[in-house]
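Take a moment to look over this protein. Then let us walk through its fold, its core and one annotated site.

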Amino acid sequence: MLHTFFSDLYHTFSFYIFCNFESITILKEMHELSIALGIVKIAEDETKKANAKKVSKIELEIGVLAGVEIDSLNFVWSSAVEETVLEHAEKEIIVIEGKGKCIDCDTEFYMENIYDCCPKCGSNFKGILKGKELKVKSLEVI
Ligand SMILES: [Zn+2]
């Protein structure tokens, strides 16, 4: 049974108000853990809606500008999905490249960081064309 849907998880992250806390690493992983738990919630809801028992495969789309460290997400994944419908699911992460368009000179350019400025005119004003995705692209349930 293939059950496909789109869900946008992107939101602003309140964890960063604690940035003066000493262990930034732990906070980073808490950030990815909260994302993983959000994905588990979506998977649980959708599996129930589809009258299925568990997820066999999940595809995630993550933009390079989404503020998610994929290594950290992979690190917290197994504990986040333990004893959930996702426990034995194959996970595929599709990384979306970052692209912006300069508001001052209309140049389109690739971005690795949200703070990247226009390579042609140096302007900081740009629209993000892609790269902020953070979504569950598809779930296969059984
Ligand atoms: Zn420019």
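The tour goes from the overall fold to the core, and then to the site.

This is a predicted model: local features need pLDDT of at least 70, side-chain atom pairs count only at pLDDT 80 or more, and totals for chains, interfaces and linings use all residues. Residues are numbered from 1 along each chain as its sequence is written.

Start with the fold. The protein has 2 helices and 7 strands. Helices (H or I, at least four residues) and strands (E, at least two) are DSSP runs, numbered from the N terminus. Along the sequence, the pattern reads β-α-β-α-β-β-β-β-β.

Now consider contacts. Two residues are in contact if their C-beta atoms, placed from the backbone, lie within 7 Å. Take the contacts between residues at least 6 apart in sequence: 74% of them join residues at least 24 apart.

Next comes burial. A residue is buried if 20 or more other C-beta atoms lie within 10 Å of its own, exposed if 12 or fewer, and partly exposed in between; the C-beta atoms are placed from the backbone. Of the 142 residues, 25% count as buried.

Some of the buried residues form a nonpolar core. That term means a set of buried Ala, Val, Leu, Ile, Met, Phe, Trp, Tyr and Cys residues joined through C-beta atoms within 7 Å. The largest such core has 23 residues, and Ile-39, Ala-43, Val-55, Ile-58 and Leu-86 touch the most other members. Two or more residues each come from helix H1 (24-49), strand E2 (55-63), helix H2 (70-81) and strand E7 (134-141). H1 gives the most, with 5 residues. Look at Ala-43. Beyond its neighbours within four places in sequence, Ala-43 is in contact with Val-55, Ile-58, Val-85, Leu-86 and Leu-139.

Finally, turn to the site. An unreviewed UniProt entry places a "binding site" at Cys-102, Cys-105, Cys-118 and Cys-121. These four spread over 20 residues of sequence, yet they cluster in space: the largest C-alpha distance is 8.6 Å. UniProt positions follow the numbering used here, feature names are shortened, and annotations may be inferred rather than shown by experiment.

Is Cys-102 buried or exposed? Cys-102 counts as buried because 20 other C-beta atoms lie within 10 Å. Cys-102 sits in strand E4 (residues 98-102). Cys-105 lies in the loop between E4 and strand E5 (108-111). With 13 other C-beta atoms within 10 Å, Cys-105 is partly exposed.

Cys-102 then has contacts including Cys-118 and Cys-121. The contacts of Cys-105 also include Cys-118 and Cys-121.
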